[in-house]
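Please read the points below with the model open beside you. They go from single residues to the chain as a whole.

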Amino acid sequence: MRRLGLLLALVLVAAGCGGSSRPASRTTGGSDAPAPLRIGTKNFAEQFLLGELYKQALEAKGFPVELKENIGSSEIIHQALADGALDMYPEYIGVLLSEVANVRARPASPTAAYKRAQAFERGNGFTLLGMTPFSDANALAVTPAFARRYDLRRIGDLARVPGGVRIGAPPEFRTRFEGLVGLVQRYRLRDATAQPMAIGRQYAALDSGRVDVAAVFTTDGQLASGHYVLLDDPRGVFGTQHVAPIISRAALRSHGPRVQAVIDAVSRRLTAPAMQRMNAAVQLRGRASADVADEFLRSAGLK
């Protein structure tokens with residue numbers, strides 16, 4: 001049933017992108033020119049930024065690119081890659097392992113996690129390009145007042161909140177190990193409930209008291225304000241989330257080794273402070289992802 005649900009979602013995604021439910025045919029723009037590299041992104045602001053960064057850097061070096069934004073969660077976008085609807089997308093290594101590869105044990109280091117994910121993808125005909133310095137981990141946030149009221153420092157402390165806590169999170173949080181499944185297994189938060197909402201809206205819900213806890217990303221621009229408290233995760237429900245673009249080996253062959261060189265050059269410059277500044281520009285100041293990406297690439301000498 002899970003497989004059927006993903007396939008149905010992919011049909012809708014393809015329709016929204018003007019395609020079909022079948023893998024796209026790879027035609028060329030000329031006798032020797034490769035078809036555009038089809039880059040997909042997930043359904044939240046940081047992914048839109050990453051898509052623009054890679055797209056614009058590649059186009060600046062003469063590569064044709066087709067950007068397909070807002071496809072969906074890891075489970076959906078990875079299936080789109082496997083079905084041939086995409087050539088590449090930026091992925092978070094911890095989520096790839098836990099939610100796609102079904103690896104629940106946390107590797108000992110980010111390098112070990114990368115190697116484990118690389119082995120998984122190579123078995124599927126894909127490869128991971130270089131990973132970013134920044135790690136945008138999943139985390140749980142509360143307001144300072146709520147933390148003081150219940151003396152909250154770690155995720156396990158939520159068990160002392162009477163009646164359980166309401167967590168504002170994307171819909172997939174209910175069924176993910178990096179979500180309610182892991183919170184119940186490792187912290188025994190059996191009374192916790194997840195209230196589904198679009199990514200980005202959980203902060204307003206937390207501020208208004210509609211939820212007690214928000215599932216957040218550690219590079220969210222909102223966290224730079226200091227208005228929220230992140231709870232420690234000593235039992236490792238949430239893994240480290242360095243980004244590594246996943247690309248098909250066929251696309252690498254058709255576009256040549258310079259594609260990887262361009263993409264890796266971008267990834268190497270994506271530090272945690274850089275991503276938080278760019279996320280804040282988009283999420284808090286309302287700037288367009290394309291403009292923020294353009295500004296960053298020019299300042300880094302990549303455009």
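1. Set aside neighbours within four places in sequence, and Ser289 is in contact with Phe48, Leu49, Glu52 and Val282; contact means heavy atoms within 4.5 Å. Ser289 lies in helix H12. Helices (H or I, at least four residues) and strands (E, at least two) are DSSP runs, numbered from the N terminus. Is Ser289 buried or exposed? Ser289 counts as buried because its relative accessibility is 14%; buried means under 20% relative accessible area, exposed over 50%, and partly exposed in between, with a 1.4 Å probe and protein chains only.

2. A word on the source: this is a predicted model, in which local features need pLDDT of at least 70 and side-chain atom pairs count only at pLDDT 80 or more, while totals for chains, interfaces and linings use all residues. Residues are numbered from 1 along each chain as its sequence is written, and side-chain values use heavy atoms, with hydrogens and water left out.

3. Helix H11 covers residues 272–283, which makes 12 residues. From first C-alpha to last, H11 reaches 16 Å, close to the 16 Å expected at 1.5 Å a residue; the expected span is 1.5 Å times one less than the number of residues. The buried residues of H11 are Ala274, Met275, Met278, Asn279, Ala280, Ala281 and Val282. They pack against helix H2 (45–60) and helix H12 (289–299). As background, an α-helix has 3.6 residues a turn, so residues three or four places apart point the same way.

4. Which residues have the most contacts inside the largest nonpolar core? They are Leu53, Tyr54, Leu58 and Leu270, in a core of 37 residues. A nonpolar core is a set of buried Ala, Val, Leu, Ile, Met, Phe, Trp, Tyr and Cys residues joined through side-chain atoms within 4.5 Å. Among the elements that each supply at least two residues of this core are strand S1 (37–40), strand S3 (88–92), helix H9 (249–255), helix H10 (257–268), H11 and H12. H2 gives the most, with six residues. Beyond its neighbours within four places in sequence, Leu53 is in contact with Val266, Leu270, Met278, Ala293, Phe296 and Leu297. A second, separate core has 24 residues, including Val142, Val161, Leu180 and Leu183.

5. Helix H7 (residues 177–187) has as its buried residues Phe177, Glu178, Gly179, Leu180, Gly182, Leu183 and Tyr187. These pack against helix H4 (93–100), S5, strand S6 (166–169) and strand S7 (193–196). Arg188 follows H7 and is placed in the loop between H7 and S7. Its phi is near 60 degrees, a positive value in a residue other than glycine. Arg188 counts as partly exposed because its relative accessibility is 48%.

6. Asn70 also deserves a look. Although not a glycine, Asn70 has a positive phi of about 65 degrees. Asn70 is found in the loop between strand S2 (65–68) and helix H3 (74–82). At 47% relative accessibility, Asn70 counts as partly exposed.

7. Gly236 lies in the loop between strand S9 (229–230) and S10. Its relative accessible area is 16%, so Gly236 is buried. Leaving aside neighbours within four places in sequence, Gly236 is in contact with Arg106, Arg186 and Tyr187. How far apart are Gly236 and Glu178 in space? They are 9.2 Å apart, C-alpha to C-alpha, and 58 residues apart in sequence.

8. On a 1 Å grid over the protein atoms alone, a cavity is a set of points where a 1.4 Å probe fits but cannot get out, and lining residues have an atom within 4 Å of a point. The largest cavity has a volume of about 280 Å³. Its lining has 23 residues, of which Asn138, Pro170, Glu172, Arg176 and Phe217 lie nearest its centre. Strand S5 (138–142) and strand S8 (213–217) are the elements that give two or more residues to this lining.

9. Last, the chain as a whole. The protein chain has 12 helices and 10 strands. Of its 303 residues, 52% count as buried. Among contacts with a separation of 6 or more, 74% join residues 24 or more positions apart.

Key
1 Å grid on protein atoms, 1.4 Å probe; cavity = no way out; pocket = protein on both sides within 12 Å on 5 of 7 lines; lining within 4 Å. Points joined across faces, edges and corners; volume = space filled by probe spheres on them.
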